Amino acid sequence: MDESPRQNYTAAEKQALFDNEFMPHMRSMYNFGYRLTLNSDDAQDLVQDTYLKAYRFIDSFQKGTNAKAWLFRIMKNSFINDYRKKRKEPNKVDYQEVEAYYNSEDVDRQITPDLRVDVLQGMLGDEISNALNALDVDFRTVIILCDLEGFKYEEMAKILDIPIGTVRSRLHRARNLLKEKLTEYARQMGYKS
Amino acid sequence: MQNTNPPSGPTPCSCMKMLQLIVDGEATAEEEKFLRDHLAECIPCYEQYQVDQLIKTMIKTTCCGGQVPQTLAEQIRMQIQANGR
Ligand SMILES: [Zn+2]
(Lines give C-alpha, C1' and ligand atoms only; values in the text may rest on other atoms or scores of the structure.)
Protein backbone atom coordinates (compact mmCIF):
# COMPACT_ATOMS: atom_id res chain seq x y z
CA MET A 1 0.00 0.00 0.00
CA ASP A 2 2.97 2.29 0.42
CA GLU A 3 4.25 1.96 -3.14
CA SER A 4 1.04 3.09 -4.76
CA PRO A 5 0.64 6.74 -5.65
CA ARG A 6 -1.62 8.76 -3.42
CA GLN A 7 -5.11 9.24 -4.71
CA ASN A 8 -7.21 12.25 -4.08
CA TYR A 9 -10.73 11.02 -3.60
CA THR A 10 -13.65 13.34 -2.98
CA ALA A 11 -15.72 12.82 0.15
CA ALA A 12 -18.39 11.10 -1.90
CA GLU A 13 -15.86 8.80 -3.56
CA LYS A 14 -14.40 7.91 -0.20
CA GLN A 15 -17.80 7.05 1.15
CA ALA A 16 -18.59 4.93 -1.90
CA LEU A 17 -15.29 3.07 -1.69
CA PHE A 18 -15.77 2.46 1.97
CA ASP A 19 -19.32 1.18 1.59
CA ASN A 20 -18.87 -0.84 -1.58
CA GLU A 21 -15.30 -2.09 -1.39
CA PHE A 22 -14.45 -2.28 2.31
CA MET A 23 -17.59 -2.99 4.29
CA PRO A 24 -18.57 -6.15 2.38
CA HIS A 25 -15.45 -7.85 3.82
CA MET A 26 -16.56 -7.34 7.40
CA ARG A 27 -17.26 -11.01 7.96
CA SER A 28 -13.87 -12.15 6.68
CA MET A 29 -12.18 -9.43 8.69
CA TYR A 30 -13.96 -10.41 11.86
CA ASN A 31 -13.09 -14.04 11.38
CA PHE A 32 -9.45 -13.19 10.71
CA GLY A 33 -9.39 -11.01 13.81
CA TYR A 34 -10.92 -13.80 15.80
CA ARG A 35 -8.46 -16.39 14.55
CA LEU A 36 -5.58 -14.07 15.34
CA THR A 37 -6.64 -13.17 18.87
CA LEU A 38 -8.94 -16.11 19.73
CA ASN A 39 -11.15 -13.66 21.54
CA SER A 40 -14.35 -12.01 20.37
CA ASP A 41 -13.82 -8.63 22.05
CA ASP A 42 -10.28 -8.36 20.77
CA ALA A 43 -11.44 -9.38 17.33
CA GLN A 44 -14.00 -6.58 17.35
CA ASP A 45 -11.38 -4.07 18.44
CA LEU A 46 -9.09 -5.24 15.69
CA VAL A 47 -11.80 -4.97 13.05
CA GLN A 48 -12.78 -1.52 14.22
CA ASP A 49 -9.19 -0.39 14.26
CA THR A 50 -8.62 -1.80 10.78
CA TYR A 51 -11.61 -0.02 9.29
CA LEU A 52 -10.76 3.28 10.94
CA LYS A 53 -7.25 3.05 9.54
CA ALA A 54 -8.58 2.05 6.14
CA TYR A 55 -10.72 5.16 6.12
CA ARG A 56 -7.95 7.40 7.33
CA PHE A 57 -5.50 6.12 4.72
CA ILE A 58 -8.03 5.64 1.96
CA ASP A 59 -6.02 7.86 -0.37
CA SER A 60 -3.31 5.22 -0.50
CA PHE A 61 -5.81 2.62 -1.70
CA GLN A 62 -5.89 2.34 -5.45
CA LYS A 63 -9.31 1.83 -6.86
CA GLY A 64 -9.57 -1.42 -8.81
CA THR A 65 -6.95 -3.22 -6.74
CA ASN A 66 -7.78 -5.96 -4.26
CA ALA A 67 -9.51 -4.23 -1.36
CA LYS A 68 -9.75 -7.40 0.68
CA ALA A 69 -6.00 -8.01 0.51
CA TRP A 70 -5.40 -4.38 1.40
CA LEU A 71 -7.63 -4.66 4.49
CA PHE A 72 -6.02 -7.92 5.55
CA ARG A 73 -2.62 -6.32 5.38
CA ILE A 74 -3.76 -3.47 7.60
CA MET A 75 -5.18 -5.91 10.11
CA LYS A 76 -2.06 -8.06 10.10
CA ASN A 77 0.06 -4.97 10.78
CA SER A 78 -2.28 -3.74 13.52
CA PHE A 79 -2.13 -7.13 15.13
CA ILE A 80 1.66 -7.21 15.14
CA ASN A 81 2.33 -3.58 15.97
CA ASP A 82 -0.47 -2.74 18.36
CA TYR A 83 -2.08 -5.82 19.73
CA ARG A 84 0.95 -8.03 20.18
CA LYS A 85 3.05 -5.28 21.70
CA LYS A 86 0.35 -4.17 24.10
CA ARG A 87 0.04 -7.58 25.63
CA LYS A 88 3.57 -8.78 25.59
CA GLU A 89 3.29 -12.47 26.09
CA PRO A 90 6.27 -13.24 28.30
CA ASN A 91 6.78 -16.76 27.10
CA LYS A 92 6.14 -15.94 23.49
CA VAL A 93 8.79 -17.46 21.30
CA ASP A 94 10.10 -15.26 18.59
CA TYR A 95 8.78 -16.38 15.26
CA GLN A 96 12.22 -16.60 13.67
CA GLU A 97 13.17 -19.22 16.21
CA VAL A 98 10.04 -21.17 15.56
CA GLU A 99 10.64 -21.06 11.86
CA ALA A 100 14.24 -22.09 12.23
CA TYR A 101 13.21 -24.99 14.38
CA TYR A 102 10.62 -26.21 11.95
CA ASN A 103 12.99 -25.74 9.09
CA SER A 104 14.70 -28.88 10.17
CA GLU A 105 13.87 -31.91 8.11
CA ASP A 106 12.45 -33.60 11.19
CA VAL A 107 9.08 -32.09 10.60
CA ASP A 108 8.67 -33.83 7.29
CA ARG A 109 9.70 -37.09 8.77
CA GLN A 110 6.99 -36.77 11.40
CA ILE A 111 4.23 -37.09 8.83
CA THR A 112 2.15 -39.83 10.24
CA PRO A 113 0.76 -42.43 7.93
CA ASP A 114 -2.30 -42.97 10.07
CA LEU A 115 -3.96 -39.67 9.25
CA ARG A 116 -6.10 -40.96 6.46
CA VAL A 117 -9.09 -39.66 4.61
CA ASP A 118 -11.52 -41.94 6.43
CA VAL A 119 -10.12 -40.83 9.78
CA LEU A 120 -10.57 -37.19 8.84
CA GLN A 121 -14.07 -37.81 7.60
CA GLY A 122 -14.96 -39.15 11.03
CA MET A 123 -14.02 -35.85 12.60
CA LEU A 124 -16.42 -33.03 13.22
CA GLY A 125 -15.57 -29.47 12.43
CA ASP A 126 -14.49 -28.83 15.99
CA GLU A 127 -11.32 -30.85 15.72
CA ILE A 128 -10.18 -28.98 12.63
CA SER A 129 -10.99 -25.64 14.17
CA ASN A 130 -9.27 -26.50 17.46
CA ALA A 131 -6.22 -27.88 15.70
CA LEU A 132 -5.97 -24.69 13.70
CA ASN A 133 -6.29 -22.52 16.79
CA ALA A 134 -3.62 -24.54 18.54
CA LEU A 135 -1.00 -23.60 15.97
CA ASP A 136 1.39 -20.73 16.46
CA VAL A 137 -0.26 -17.59 15.14
CA ASP A 138 2.06 -17.22 12.16
CA PHE A 139 1.33 -20.73 10.99
CA ARG A 140 -2.38 -20.25 11.68
CA THR A 141 -2.33 -17.10 9.59
CA VAL A 142 -1.01 -18.65 6.38
CA ILE A 143 -3.60 -21.42 6.53
CA ILE A 144 -6.42 -18.95 7.05
CA LEU A 145 -5.28 -16.71 4.22
CA CYS A 146 -4.81 -19.61 1.83
CA ASP A 147 -7.49 -22.16 2.65
CA LEU A 148 -10.21 -20.06 4.15
CA GLU A 149 -9.91 -16.79 2.29
CA GLY A 150 -8.53 -18.19 -0.94
CA PHE A 151 -5.70 -15.70 -1.37
CA LYS A 152 -3.06 -16.56 -3.96
CA TYR A 153 0.55 -17.00 -2.82
CA GLU A 154 1.44 -13.69 -4.38
CA GLU A 155 -1.28 -11.86 -2.49
CA MET A 156 -0.24 -13.60 0.71
CA ALA A 157 3.33 -12.46 0.17
CA LYS A 158 2.10 -8.87 -0.01
CA ILE A 159 -0.20 -9.16 2.98
CA LEU A 160 2.54 -10.69 5.11
CA ASP A 161 5.51 -8.80 3.67
CA ILE A 162 7.46 -11.96 3.01
CA PRO A 163 8.83 -13.51 -0.19
CA ILE A 164 6.71 -16.07 -2.04
CA GLY A 165 9.23 -18.80 -1.24
CA THR A 166 8.66 -18.15 2.44
CA VAL A 167 4.90 -18.29 1.91
CA ARG A 168 5.29 -21.72 0.38
CA SER A 169 7.58 -23.15 3.01
CA ARG A 170 5.59 -21.64 5.87
CA LEU A 171 2.39 -23.10 4.46
CA HIS A 172 3.97 -26.50 4.07
CA ARG A 173 5.18 -26.44 7.66
CA ALA A 174 1.88 -25.12 8.94
CA ARG A 175 0.05 -27.97 7.28
CA ASN A 176 2.40 -30.57 8.68
CA LEU A 177 1.89 -29.16 12.15
CA LEU A 178 -1.86 -29.16 11.63
CA LYS A 179 -1.74 -32.79 10.56
CA GLU A 180 0.30 -33.64 13.63
CA LYS A 181 -2.40 -32.08 15.79
CA LEU A 182 -5.13 -33.90 13.94
CA THR A 183 -3.26 -37.15 14.33
CA GLU A 184 -3.12 -36.55 18.07
CA TYR A 185 -6.87 -35.99 18.14
CA ALA A 186 -7.42 -39.09 16.05
CA ARG A 187 -5.41 -41.13 18.54
CA GLN A 188 -7.39 -39.70 21.43
CA MET A 189 -10.57 -40.61 19.62
CA GLY A 190 -9.32 -44.15 19.45
CA TYR A 191 -8.54 -44.51 15.82
CA LYS A 192 -6.09 -47.27 15.12
CA SER A 193 -3.57 -46.90 12.41
CA MET B 1 1.07 -57.79 -2.62
CA GLN B 2 -0.28 -55.82 0.28
CA ASN B 3 0.93 -52.32 0.78
CA THR B 4 2.07 -52.22 4.38
CA ASN B 5 3.86 -49.36 6.00
CA PRO B 6 7.07 -50.13 7.82
CA PRO B 7 6.76 -49.37 11.53
CA SER B 8 8.83 -46.23 11.23
CA GLY B 9 6.51 -44.82 8.62
CA PRO B 10 7.37 -44.24 5.01
CA THR B 11 10.23 -42.03 4.05
CA PRO B 12 8.50 -39.01 2.63
CA CYS B 13 8.87 -38.57 -1.06
CA SER B 14 10.64 -35.41 -2.10
CA CYS B 15 7.53 -34.45 -4.05
CA MET B 16 5.46 -33.93 -0.94
CA LYS B 17 6.59 -30.36 -0.60
CA MET B 18 5.35 -29.65 -4.10
CA LEU B 19 1.97 -31.27 -3.68
CA GLN B 20 0.44 -28.17 -2.19
CA LEU B 21 0.98 -26.42 -5.50
CA ILE B 22 -1.83 -28.43 -7.06
CA VAL B 23 -3.92 -28.39 -3.89
CA ASP B 24 -3.73 -24.59 -3.94
CA GLY B 25 -4.01 -24.21 -7.69
CA GLU B 26 -0.58 -22.57 -7.85
CA ALA B 27 1.28 -25.01 -10.08
CA THR B 28 2.46 -23.99 -13.52
CA ALA B 29 1.29 -26.17 -16.40
CA GLU B 30 4.62 -27.95 -16.36
CA GLU B 31 4.58 -28.56 -12.61
CA GLU B 32 1.00 -29.71 -12.80
CA LYS B 33 1.80 -32.30 -15.45
CA PHE B 34 4.79 -33.56 -13.53
CA LEU B 35 2.82 -33.85 -10.31
CA ARG B 36 -0.21 -35.51 -11.87
CA ASP B 37 2.03 -38.11 -13.50
CA HIS B 38 3.79 -38.64 -10.21
CA LEU B 39 0.54 -39.01 -8.27
CA ALA B 40 -0.52 -41.78 -10.63
CA GLU B 41 2.38 -43.93 -9.53
CA CYS B 42 3.34 -42.88 -5.99
CA ILE B 43 0.92 -44.16 -3.37
CA PRO B 44 2.24 -42.17 -0.37
CA CYS B 45 2.00 -38.94 -2.34
CA TYR B 46 -1.44 -39.78 -3.65
CA GLU B 47 -2.72 -40.48 -0.15
CA GLN B 48 -1.14 -37.32 1.17
CA TYR B 49 -2.66 -35.36 -1.65
CA GLN B 50 -6.12 -36.61 -0.79
CA VAL B 51 -5.64 -35.84 2.87
CA ASP B 52 -4.37 -32.33 2.09
CA GLN B 53 -7.24 -31.62 -0.20
CA LEU B 54 -9.79 -32.84 2.31
CA ILE B 55 -8.27 -30.75 5.09
CA LYS B 56 -8.40 -27.69 2.86
CA THR B 57 -12.07 -28.29 2.15
CA MET B 58 -12.84 -28.93 5.80
CA ILE B 59 -11.15 -25.72 6.85
CA LYS B 60 -13.18 -23.80 4.33
CA THR B 61 -16.46 -25.24 5.55
CA THR B 62 -15.84 -25.36 9.29
CA CYS B 63 -13.56 -22.48 10.21
CA CYS B 64 -15.47 -19.56 8.78
CA GLY B 65 -16.29 -18.30 12.22
CA GLY B 66 -19.30 -17.17 14.12
CA GLN B 67 -21.68 -14.33 13.52
CA VAL B 68 -20.26 -10.88 13.24
CA PRO B 69 -21.67 -8.88 16.15
CA GLN B 70 -24.52 -6.86 14.71
CA THR B 71 -23.48 -3.60 16.26
CA LEU B 72 -19.95 -3.68 14.84
CA ALA B 73 -20.65 -2.09 11.49
CA GLU B 74 -22.73 0.61 13.14
CA GLN B 75 -19.97 1.33 15.65
CA ILE B 76 -17.45 1.73 12.90
CA ARG B 77 -19.63 4.15 10.97
CA MET B 78 -20.26 6.20 14.10
CA GLN B 79 -16.57 6.32 14.91
CA ILE B 80 -15.73 7.55 11.46
CA GLN B 81 -18.34 10.25 11.68
CA ALA B 82 -17.18 11.28 15.11
CA ASN B 83 -13.60 11.58 13.87
CA GLY B 84 -14.77 14.10 11.32
CA ARG B 85 -14.22 13.89 7.62
ZN1 LIG C 1 5.81 -39.35 -4.25
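Over all chains, this predicted model holds 16 salt bridges, each being a side-chain nitrogen of Lys or Arg within 4 Å of a carboxyl oxygen of Asp or Glu. Residues are numbered from 1 along each chain as its sequence is written, while chains are lettered from A and ligands numbered from 1 in the order in which they are written. Local features need pLDDT of at least 70 and side-chain atom pairs count only at pLDDT 80 or more, whereas totals for chains, interfaces and linings use all residues, and side-chain values use heavy atoms, with hydrogens and water left out.

Select A:Asp161 and A:Lys76 to begin, whose side chains form a salt bridge at 3.0 Å, N to O. This pair links distant parts of the chain, 85 residues apart, with A:Asp161 in the loop between helix H10 (153-160) and helix H11 (164-188) of chain A and A:Lys76 in helix H4 (residues 67-86) of chain A; helices are DSSP runs of H or I, at least four residues, numbered from the N terminus. A:Asp161 is partly exposed at 44% relative accessibility, whereas A:Lys76 is buried at 8%, where buried means under 20% relative accessible area, exposed over 50% and partly exposed in between, with a 1.4 Å probe and protein chains only.

Next, select A:Lys179 and B:Asp52, which meet in a salt bridge at 2.6 Å, N to O. Because A:Lys179 lies in helix H11 of chain A and B:Asp52 in helix H3 (residues 43-62) of chain B, the pair joins two chains, and both residues are buried.

Finally, select A:Asp147, A:Arg175, B:Asp24 and B:Lys56, which are linked in a network of salt bridges.
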